[in-house]
Amino acid sequence: MADVYEVTTVVGREEVLAGRIYRTRTAGSFEYDSGYLRLRAAFALAPALGLFPGAQPLLPSNPFSDSAPDTWGRKVQNRAAGRRLDELTLMLGVNDEGRQGATRFWGDGVAMAAGDGVPVEADLADIIRVADQIERGETDIDEVAVRRLFRATGSLGGARPKANVRIGADLWLAKFPKPVGDDWNVMAWEAALLDTMASAGIDVPPHTTKRVSVDGVERTVLFLRRFDRTADGVRVPYISAMTALEANDGDGGDWVDVVDFAQVAGADTTELWRRAVFGALVGNLDDHLRNHGFLRRATAWELAPAFDVNPEPLGDGNAHQLALMGTRELALDSLMTKDALGLFGVKPSAAGAFLDRLRPVMASLPRCAAAHGADTHSVAVMSSRVEAAVAAIG
Ligand SMILES: Nc1ncnc2c1ncn2[C@@H]1O[C@H](COP(=O)(O)OP(=O)(O)OP(=O)(O)O)[C@@H](O)[C@H]1O
Ligand SMILES: [Mg+2]
């Protein structure tokens, strides 16, 4: 006997039944509902799940992986369960309120893992304390606190400790510094890059940093407004570039494929170029396919605001996860060639105008990082990278 779970999404602003997951002990499949297939505005929940009747496999490569936890979420869920959980259990176990995008899972008419909701800001210090304990691999942790962290973590991927937080009526994502292993104030630099991108005209989510005191030690926490919820809280369908390209974790990627998908899906490829340029200049080497995403708007998959853009010191080189036409070593010059501009559909005059806008804000990056709480060492570590970026823009 298979367990059956209903899968819903949002079309327009309406939550609709999209299909069902059938799960046996060893396998899982998904089947679209015939009513969904008849909807004019129906869209494939993931490119790997074509809009046709009949069962489609969910394993070994889960097309709903954006709904499943990534490194950090798995760590917390497995810790809360006290054992290693399988892919579908992990996916269904993610707290409903914080789920990425609009895909939800239901059993017997009740949303899976509809827990006590996400924490509020006042709980953050406690949550960070438990996150630290998990990150350090401690075993003697209060079980209630672990479960609370697990509810807060949701399906948000990534390796860095993080939690959903409700601020007023809105859902935000809080990214924490690691207890050990951060060689500089990573959160302050991430915030500074977001500020700079916004000043240069790149779309980023509303964000802010706050100092949270955990056991007397001040930590910089980065808050990002969730872009997969509308201002009035409606869920917006989301797919990562990894899902869009039917790739798997750890697969390399190439801007050529991301641009190709974006073009067909109705997203702005010139914005992708601006992000690629910014990423090349600041050494955003960890620009893998899960760090780019698309939001469903009307009949298009539009670009989600930029996220998880982080600088690397110049000494770490320029080899990006995401290659450009087969080359992983990227510099501004690589993105200014005729071929590159042609690929992204950027006119040379528009490229020049973007660099003119970027020049002054790039120079102000160290000041901006300091304003977000970066100490002298954290600022100094990145100074040669920023100087090289300013020099490259000329
Ligand atoms: N503002 C946002 N709104 C909604 N979802 C977001 C937002 N920012 C990030 N996400 C989602 O959360 C995931 C994790 O965030 P992020 O990539 O910033 O974390 P990370 O731990 O630094 O990741 P990595 O492992 O790539 O370093 C992203 O892959 C994305 O799916
Ligand atoms: Mg990430």
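A residue is called buried when its relative accessible area is under 20%, exposed when that area is over 50%, and partly exposed in between, as computed with a 1.4 Å probe on protein chains only. Helices (H or I, at least four residues) and strands (E, at least two) are DSSP runs that are numbered from the N terminus. The structure is a predicted model, in which local features need pLDDT of at least 70 and side-chain atom pairs count only at pLDDT 80 or more, while totals for chains, interfaces and linings use all residues. Residues are numbered from 1 along each chain as its sequence is written, chains are lettered from A and ligands numbered from 1 in the order in which they are written, and side-chain values use heavy atoms, with hydrogens and water left out.

By an automatic or database domain assignment, the chain is divided into domain 1 (3-110), domain 2 (121-183 + 200-225) and domain 3 (238-393). The C-alpha centres of domain 1 and domain 3 are 30 Å apart, and the contact between these two domains, where contact means heavy atoms within 4.5 Å, takes 14 residues from domain 1 and 13 residues from domain 3. The size of an interface is often given as the accessible area lost when the parts come together. On this basis, with buried area defined as the accessible area (1.4 Å probe) that two parts lose on being put together, summed over both, domain 1 and domain 3 bury about 1000 Å² between them, 50% of it on carbon and sulfur atoms. On the side of domain 1, the residues that lose the most area to domain 3 are Phe43, Pro47 and Asp66, which together account for 45% of what that side buries.

Strand S3 (residues 28-32) is mostly covered, since four of its five residues are buried. Two strands are taken to pair if DSSP finds at least two bridges between them, and strand S2 (residues 14-23) is joined to S3 by five bridges in an antiparallel arrangement. S2 and S3 form a hairpin with four residues between them, and within this pairing Ile21 has Phe30 in S3 as its bridge partner. S3 also pairs with strand S4 (residues 56-57), in the antiparallel sense and over two bridges, with Pro57 in S4 as the bridge partner of Ser29.

Helix H2 (residues 71-81) has several buried residues, including Trp72, Val76 and Ala80, and just after H2 comes Gly82, which takes a positive phi of about 75°. The loop between strand S5 (104-107) and strand S6 (110-111) contains Asp108, which counts as exposed because its relative accessibility is 82%. The C-alpha atoms of Asp108 and Val4 are separated by 8.5 Å, although the two residues are 104 residues apart along the chain.

S9 and strand S10 (residues 217-225) run antiparallel and are joined by eight bridges, and Thr208 stands opposite Phe223 in S10.

Of the 14 residues in H6, 11 are buried, among them Trp189, Leu193 and Met197. The expected span of a helix is 1.5 Å times one less than its number of residues, and H6 reaches 20 Å from its first C-alpha to its last, close to the 20 Å expected. H6 is followed by Gly201, whose phi is positive, near 90°.

A further open sheet has three strands in the order S11-S13-S14, also with antiparallel pairing, and its edge strands are strand S11 (238-240) and strand S14 (300-303). S11 and strand S13 (residues 293-297) are joined by three bridges, and Ser240 stands opposite Gly293 in S13. Helix H9 (residues 269-282) is largely enclosed by the rest of the structure, because 13 of its 14 residues are buried. The end C-alpha atoms of H9 are 20 Å apart, which agrees with the 20 Å that its 14 residues should span. Gly283, which follows H9, has a positive phi near 75°.
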